[in-house]
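Morning, everyone. Let me put the structure up.

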Amino acid sequence: MELNEYKQIKNRRYSPKEVLAHFIISNGDVVNKEFNSMVSSLENTFIKNINNRTILEKVDITLLKKIENYWSLSIGQAMAYGMIVFFNLGFENKEFTEKEITDMFVYVMKLYSPDNAVEFVRTKFNAKDNIENR
């Protein structure tokens, strides 16, 4: 990633609906639904769509209506939620459908505030690097 792209993504804020759209798009880009592949795809999706303001158009409106939070998420917080969502879906042997991803994201947002999600990922996955610096 070039320095300009890095600065853009580090300073960018995302709504939970935008984050959900990134989860759904990244899921479609992965054949192998292993955790590391999913996280890598999610990172790439955020990078590829830095300036994509029409990303919400790629998600079914009924799924977007399930999101009730009006937070402003950093890339680190968005990635933390993604890691939790994808890990939980895999752990529970659920299918990686748009509906399941949405339902899990809504559930996880009820359990963890954005900062708590980051802290949970640091603890759960022994993240050596600062997830906020992703």
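Start in helix H7, residues 114-124. Arg122 and Glu119 sit three residues apart there, so about one helical turn separates them. Helices here are DSSP runs of H or I, at least four residues, and they are numbered from the N terminus. The two side chains meet in a salt bridge, 3.2 Å from N to O. That term means a side-chain nitrogen of Lys or Arg within 4 Å of a carboxyl oxygen of Asp or Glu.

Buried or exposed? Arg122 has a relative accessible area of 27%, so Arg122 is partly exposed. Glu119 is at 41%, so Glu119 is partly exposed too. The cut-offs: buried is under 20% relative accessible area, exposed is over 50%, and partly exposed lies in between, with a 1.4 Å probe and protein chains only.

Shared partners also link salt bridges: Lys66, Lys99 and Asp103 join into one network.

Before going on, a word on the model. It is predicted: local features need pLDDT of at least 70, side-chain atom pairs count only at pLDDT 80 or more, and totals for chains, interfaces and linings use all residues. Residues are numbered from 1 along each chain as its sequence is written, and side-chain values use heavy atoms, leaving out hydrogens and water.

Lys99 and Asp103 are both in helix H6, residues 98-111, four residues apart, about one turn. Their closest N and O atoms are 2.6 Å apart. Lys99 is partly exposed at 46%. Asp103 is partly exposed at 27%.

Next, Arg12 and Glu18. Their salt bridge spans 3.4 Å, N to O. Both residues are buried.

How many salt bridges does the structure hold? Six.

Notes:
Helices (H or I, at least four residues) and strands (E, at least two) are DSSP runs, numbered from the N terminus.
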